[in-house]
Every structure is written in C-alpha cells, then in structure tokens.
Amino acid sequence: MSEAGVIHDIGYQRYEGPRLGRSAVFGAIYQHGLRASFGLGRSAKAKIFPWLVAGIVVLVAVINAAVLAYAKVKLFDYYTFDDTMSWLVIFFVAIVAPELVSRDMRSGVLPLYFSRPLRAFDYIGAKWAALVTAVFLLLGVPQFIMFLGAAFTTDDGAKGVGNEILRLLPGWGYSLLWAVVFASISLLIASVTGKRAFAAGGIVAFFLMTAPVVGVLSILPSSTAQHLAGLASPMSLLVGVQSWLRGKNDLGIDVGDFGVIYGIEAFCLVSAALLLLLARYRKVASL
Amino acid sequence: MSTVAYITVRGLLGRRRVLLLLPLPLLLIGLALICRAYDVSPDQWGQPVVVGLGLAVVLPVISLIVGTGVLGSEVDDGTIVHILTKPLPRRDIILAKLLVAAGVSAVTVAVPLFVAGLLADSVRFGLALVVGSVAGAIAYSALFLLLSLVTRRPVLLGLAYILVWEGLLGRFVSGTRVLSIEQYVISIADRIAPTGMLDGKVSLPVAIVMSLVFAIGGTLYAVNRLGSFSMAGETS
Amino acid sequence: MSVVELENVSRWYGNVVAVNDISMTLQPGVTGLLGPNGAGKTTVLHMMAGFLAPSKGAVTIDNSPTWRNPGIYRTLGLVAEREAVHGFLSAYEFVLACAKMQKLPDPAAATARALSLVEMTDAQDRRIETFSKGMRQRTRVAAALVHEPQVLLLDEPFNGMDPRQRMHMMELLHKLGDQGHTILFSSHILEEVEQLSGLVQVIVAGRLAASGDYRRIRRLMTNRPHVFAVQSSDDRRLAVALIGEKSVSGIEVEATGLTVRASDYGSFTRALPRIAIGEGIQLRKLLPSDESLESVFSYLLEA
C-alpha cells in the first residue's frame with residue numbers, strides 16, 4: 001500500500017471514433033419497437049396475445065380467400081375487412097401501446113435514454129412509426145392474402161390481376177389510415193400511466209365508450225347531427241373518411257356534404273395526439 | 001375482516017385514481033339525458049345506450065378496473081404480504097375484498113343504469129337494470145378477483161374475456177353465450193321488466209345458475225389459491 | 001419460547017434446486033442467516049414464513065407446519081425484503097390495522113408501544129409514501145412486532161439503514177433475543193452478522209454449509225491452517241525456534257512482526273509460550289488473524 005493517494009492509469013479511454021447519427025438512434029428504437037410489438041426478442045408469454053390477434057385476422061382473410069375461390073362469393077372487400085376487424089385492432093393496440101411506452105416509464109429508464117443524444121421527437125417518432133407499422137402489418141398482410149386468393153382465381157388473367165392490384169392499393173391505404181389514427185390515440189393514452197394494466201384498460205374503455213355515442217347521435221332528429229354522428233368515434237370516423245374519399249354514401253355512415261369535416265377531424269386528431277405526446281415527454285425527469 | 005375491507009376501500013377510493021371511474025357512468029347518464037331532451041323515441045336509443053354502452057361496456061369495464069384493483073395491485077407491488085401474515089382465514093380476506101369490489105362496481109354502475117332505464121322506459125325497467133347489474137357486478141368481481149390470483153396479467157385476460165369472448169364470439173358463435181356474464185345480466189333484467197330493448201338469448205334458469213356458478217365457484221377457487229399463495233426468493 | 005425446525009427441506013423449481021436438503025433448528029436468541037446473493041436465504045425465510053411450500057421435507061414452528069396454516073401468524077412476525085407497504089396509510093394507521101388484523105385485545109396500546117420501540121412516534125401521522133427508506137423499514141418492523149411474536153424473521157433488515165438506525169435496530173434485536181424470542185435475520189454483510197449474533201447458519205448454493213458459533217466453526221476447519229500475528233522482543237530468533245515445531249506450517253517475517261501459520265491450533269497454543277520462555281523472548285502480541293467471520297465465510301465458500 002502506498003502512502004500517498006494515487007490514481008493509476010489502467011487503460012480506460014474515451015471513445016474518439018466515429019459515431020452514428022440521429023437516424024441510427026431513430027432506426028434502433030423503431031426496430032426495437034416493431035419487434036416488441038409482436039413479442040419478438042422477449043419471452044414466450046409476451047408473444048401470446050399479439051400472435052393470437054394476428055392469427056385470428058389471418059384466419060378470417062384465409063376463409064375469405066377460400067370462399068372466394070370456391071364459391072365465388074366475396075364475403076368482404078378490403079375496406080369492410082378493416083371495419084369488421086375493429087375490435088381486434090382495439091385489443092391489439094391496447095396490448096402493444098403500453099408495452100412500447102408504459103414499460104419505459106415504469107422501469108425508470110427514461111432519464112437513461114434521454115441523457116444520450118436522443119430527442120423527444122425522435123423517441124416519440126420512432127415509437128409511433130413502430131406501432132403504425134405493426135398495425136399496418138396486422139391489417140395489410142391479411143389483405144394481401146385476400147388479394148392472392150382473388151388473383152389466383154381470377155378469370156381475366158393478367159388484366160384481372162392488375163385490377164385486383166388496383167383494388168388492393170387503396171385498401172392498403174385505408175389500413176395505413178387506420179394504423180395512423182389508432183396508433184396515435186393509443187400511444188397518447190398509454191403515455192399517461194406507467195402501469196400497463198391501467199393503460200390497456202384505458203385504451204379499451206376509450207374506444208368502447210365512443211361507439212354508442214355514435215349510435216345515439218345518429219338517431220337524433222337533426223339531420224346535421226346524423227351526418228356528423230360518425231365524428232364521435234375513431235372507427236366511424238374512418239368509415240366516414242372512406243366514404244368521403246370514395247364518394248360513396250352506402251357504407252353505413254351517411255356523411256352528406258360533411259365529408260370534408262371527417263377528413264379534417266382525422267388529421268387534427270392525429271396531430272393533436274402527437275403534439276400532446278411530445279409535450280408529455282418534454283420533462284422526462286418527472287415521469 | 002372489516003380491517004381488510006377498510007384498507008381495500010382506502011386503497012381503491014382514497015386516491016386520485018378513483019376519478020377514472022367517473023367518465024363512463026357520466027357518459028351513460030349524459031347520453032340518456034340528451035336523447036330524452038331531443039324527444040327521441042326510446043325504441044331507437046334504448047338499445048345502443050342501455051345495452052350497447054351500459055351493459056356491454058360500462059358494467060364489465062368498471063367491474064374489471066375495480067375487481068383487478070382490489071387484489072391485483074396488492075399482489076403486483078407486494079403489499080399483500082402484510083395482509084397474509086395475519087391469523088385471518090383466507091376465506092375472510094377474499095370475502096372482504098369481494099364485498100368491496102362488488103359493492104363499488106354495483107353502485108357505480110347501477111345508479112347510471114337506473115337513471116337511463118327510468119328515462120328509457122319506467123321505474124320498473126330502471127329497477128330491473130339495477131338488479132341485473134348487481135348480479136353482474138358480483139359475478140364479474142368474483143371472476144376478476146380469481147384472475148388476479150391465477151395470472152400475472154389479470155387485466156389483459158379480463159379484457160380478452162370482455163372483448164374477444166363476450167364481444168366478438170358472443171355475437172357470432174351462439175355456444176359461447178352460455179359462458180357470457182353479459183348475457184345473464186340481460187336475461188335477468190329482461191325477465192323482471194320485459195321490454196323490446198333487451199334481447200335475452202340465454203334462458204332465465206341458466207342465467208341464474210351460471211351467475212351463481214361464476215360467483216360462488218370463483219370465490220371458492222380464489223380462497224384456495226390465496227391459501228397457497230407463494231412468494232419465491234428474491235423477487236422485485 | 002418457540003422453536004423453528006427445518007427437517008431435510010428441499011425446494012426446487014424444475015431443474016433448479018434452490019434449497020438442498022437443509023436441516024436446522026432455531027433456538028431462542030438471535031441467529032444470523034448468512035450467505036452470498038442467490039444462495040437461497042430468501043427461499044428458506046419464505047418457507048419458514050409460510051409463503052412457499054417445501055418440495056420435500058417439513059418446516060415447522062413448535063411442531064405445527066407453516067404452509068397453509070394462517071394460525072402460526074399469531075406467533076410469527078415477518079419483515080420481508082421487498083419494501084412494499086400501503087403508502088396511502090399513515091404509519092399509525094398501518095400499524096393499527098396490523099394490530100386489528102392480529103385480533104389483539106387492545107390494538108391502540110399495542111400500536112403505540114410498537115411505534116415507540118422503533119422510534120417512529122413523531123412521524124406516525126404522516127403518510128408512509130412520504131417516508132425515507134429507513135423510516136419505511138422501521139414502520140414495517142413495528143408492524144411485525146405489534147403482536148409481540150415469539151418468532152421474528154427479518155430478510156435483509158439493514159438494507160438502506162444509516163449507521164445510527166442500524167445500531168438502534170441491533171440493540172432492539174439484541175434485547176428481544178435476550179428476552180427469549182427466536183430471531184432470524186438474513187444478511188450477506190458480514191460485519192452486521194458479527195456484531196449482532198455469534199450464532200450463524202451459513203447457506204452456500206442452497207446447502208447448509210455450517211451452523212453454530214462462528215468461532216467454533218473456525219476451529220473445526222482443520223484442513224485450513226490457523227493464522228496468527230505474533231510480535232515479540234526478538235522476532236527472528238522466535239521464528240527460527242518456531243519453525244522447528246511440528247504444528248507450525250509456515251512463518252512470514254515482516255517488519256511489523258511474524259505471521260505464523262499453524263496446522264494445529266491446540267498444539268501451537270501450548271507450544272508457543274513454552275518456546276518463548278525457553279528462548280528468553282518476550283511475547284508482546286498474539287492475535288488470531290483469521291478467526292473473523294469473513295475468513296470463516298470465505299473458507300466455506302471456497303470449500
């Protein structure tokens with residue numbers, strides 16, 4: 001033991017080499033979020049619920065494709081598929097959004113994350129992109145299966161396949177819209193609490209309680225109220241946007257001349273949700 | 001036993017979290033009032049509000065939040081140790097928590113349902129809904145209390161039951177209705193005050209028996225599980 | 001006077017054996033449960049407290065099993081490792097609730113007594129979630145003591161306590177031990193165990209490696225030479241004389257004195273004074289330098 005205090009040089013060095021930029025951070029969180037959505041890289045129990053939902057939607061698509069192939073009867077088209085699977089999508093985001101956001105809050109790692117070159121915008125953006133991708137895959141892959149079923153059994157050859165592609169692409173666009181709206185809302189609700197159970201319950205409660213409101217508004221005597229009834233619930237909002245964009249009025253929600261309002265509200269809803277999320281994560285130390 | 005109930009009530013209601021229980025009942029009453037104010041015929045709004053919102057959403061979701069909260073949160077953060085290291089029969093502990101859960105759920109749900117039923121039809125209908133929702137609250141609370149002891153993610157399983165089993169499958173597969181508490185509630189309320197709004201798909205004897213099965217069976221199994229509650233080494 | 005007994009107790013989870021054939025009897029007084037992290041201390045404590053069933057063997061308190069037996073909690077108090085406590089209650093309300101659940105005839109008096117025992121009377125009306133770690137710990141100890149149990153189990157009780165609180169807690173446990181309570185506390189910090197109790201149960205990798213007074217355990221380890229620090233008026237001459245002795249296996253000569261390794265404690269301690277007198281050397285210091293709990297522990301771990 002030496003008499004005076006000495007600090008010895010045992011070779012610890014500062015890292016002076018090249019560092020990856022913001023896009024790498026974004027990409028890392030995005031990839032991790034997408035994998036976590038489906039339980040990849042985690043224990044078997046984390047895989048049960050997401051894959052259960054995925055299994056059910058794929059099964060429905062397969063049944064649809066099979067019925068189309070053998071009985072030439074189309075059970076649903078791409079748009080109504082999304083609308084019918086709405087409760088499963090709610091369940092999926094109720095499971096996944098808390099996994100993405102609430103877990104980090106509960107375990108107290110946010111100060112750890114944000115003391116690195118990570119901006120709140122990147123963090124939220126990557127998580128949002130991951131959830132949007134996950135929901136899009138959930139809806140888009142079954143739609144693709146339905147497309148394959150239709151394409152392989154079409155009577156028109158290449159032209160039939162081409163027509164089917166032209167029907168699939170807007171269907172995918174609709175799924176993307178679904179993904180964007182549902183991801184934004186559920187992430188916002190999940191970011192309110194660190195307990196996954198509460199977040200899941202809150203998300204489900206929010207989506208479930210808006211549906212009857214639509215029902216009530218649509219039977220009020222005022223025709224304006226009836227046209228605008230769909231605004232009250234995300235599910236009917238999306239149907240409303242669809243009927244506005246496709247110019248049809250027979251999809252269950254009669255939007256009259258107010259179609260534009262549906263589009264505007266969808267946009268505002270998503271923007272508001274994202275802005276609120278950003279605001280929430282500005283002061284990370286208090287989370 | 002009353003001390004356990006006291007701690008449970010304090011834990012459930014004494015904090016800001018209790019505000020979470022308010023939006024759903026308020027929404028129910030609000031919608032009913034709006035419809036009444038606009039003189040909409042109850043044939044039209046009764047179904048979506050009373051059944052679609054009240055019995056299908058408000059009752060199960062409130063029962064889920066309360067039922068998993070009374071025991072699940074204590075198991076999750078480990079404070080259940082303090083309740084268990086006492087010479088109390090496990091039956092007393094479960095009964096105290098069940099009473100609190102069912103009581104809070106029943107009050108939170110029955111009051112707005114009574115108001116909605118009154119506005120939709122009559123006092124008798126309102127009371128029928130109250131009886132149905134009390135029965136449903138007891139059955140749901142027993143089920144969710146049991147789930148809190150049997151699994152580590154009781155809320156997710158409860159949500160799967162409500163959304164997938166009762167919501168989705170119950171709509172399309174008639175066999176699953178026999179195991180759906182929502183259907184029992186509808187049948188019981190429909191029997192007491194028959195209106196066109198409630199469409200009971202399960203016969204009344206089956207509804208009553210199965211409600212008792214859920215309530216009593218769930219409680220007994222929960223008592224057994226609490227008696228063998230294990231804490232492994234080095235948790236947290 | 002209660003006796004806690006473990007008889008050939010094993011506990012396994014699938015292929016992992018957490019506790020491997022442990023038999024021990026806890027007598028009144030303070031016993032330390034010692035072992036490295038992951039050795040199985042918490043598993044043993046939870047089995048004693050009725051929170052885990054043994055896969056094999058029997059855990060009994062006064063001959064009644066601890067598993068599925070809520071009645072034992074009349075004579076058992078547990079202070080678990082997890083800090084969890086009902087934060088929304090004040091300290092007084094919490095201990096009072098525990099007293100009521102214990103069905104005590106006078107809960108308020110018992111609560112007051114328990115809180116004054118842990119020096120929490122000043123802060124008793126504040127909510128527990130506003131407490132520091134040490135205060136929370138003391139509140140939990142008060143809750144465990146409110147019914148004056150015969151057996152008290154504490155899992156790492158000194159975690160997070162500052163030195164003054166630790167001293168106070170040790171005094172409290174000493175007092176209770178002297179009064180005839182059976183107290184078992186687990187720790188992986190050797191100084192705590194040394195200060196608090198001479199009796200230890202050492203658990204290493206699920207097995208009971210040693211039990212009893214740690215000094216006696218040390219003497220039982222005959223395959224490890226004993227190490228003594230010796231200072232005398234003429235170290236080198238003493239060293240030369242000692243090395244000829246059969247019970248001495250090695251000597252190191254340092255500026256501060258001799259370090260003597262002896263293979264036989266008894267013969268060496270008899271031989272040393274004889275040699276010193278024979279050579280006319282004055283002995284100034286003779287200290288067994290490895291009879292600390294730390295060396296006992298490290299020998300047991302290596303074995």
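Chain C holds an open sheet of six strands with mixed pairing, in the order β6-β7-β8-β3-β9-β10. Helices (H or I, at least four residues) and strands (E, at least two) are DSSP runs, numbered from the N terminus, and two strands pair if DSSP finds at least two bridges between them. The model is a predicted one, in which local features need pLDDT of at least 70 and side-chain atom pairs count only at pLDDT 80 or more, while totals for chains, interfaces and linings use all residues. Residues are numbered from 1 along each chain as its sequence is written, with chains lettered from A and ligands numbered from 1 in the order in which they are written.

At the edges of the sheet lie β6 (76-79) and β10 (207-213) of chain C, each pairing on one side only. From one strand to the next, the twist averages 15° (axes are lines fitted to C-alpha atoms, for helices over the stretch in contact, and angles run from 0 to 180 degrees between N-to-C directions). Strands β7 (residues 151-155) and β8 (residues 182-187) of chain C run parallel and are joined by five bridges; C:Leu154 has C:Phe185 in β8(C) as its bridge partner.

Helix α1 (residues 41-48) of chain C packs on this sheet, where α1 touches β3 (29-34), β7, β8 and β9 (199-204) of chain C. Contact here means C-beta atoms, placed from the backbone, within 7 Å. The direction of α1 makes about 150° with that of β7(C).

Turning to the neighbouring chain, 28 residues of chain C are in contact with 28 residues of chain B. On the chain C side, α1 and α2 (91-101) are the elements that give two or more residues, and α2(C) gives the most, with four.

Key
Two residues are in contact if their C-beta atoms, placed from the backbone, lie within 7 Å.
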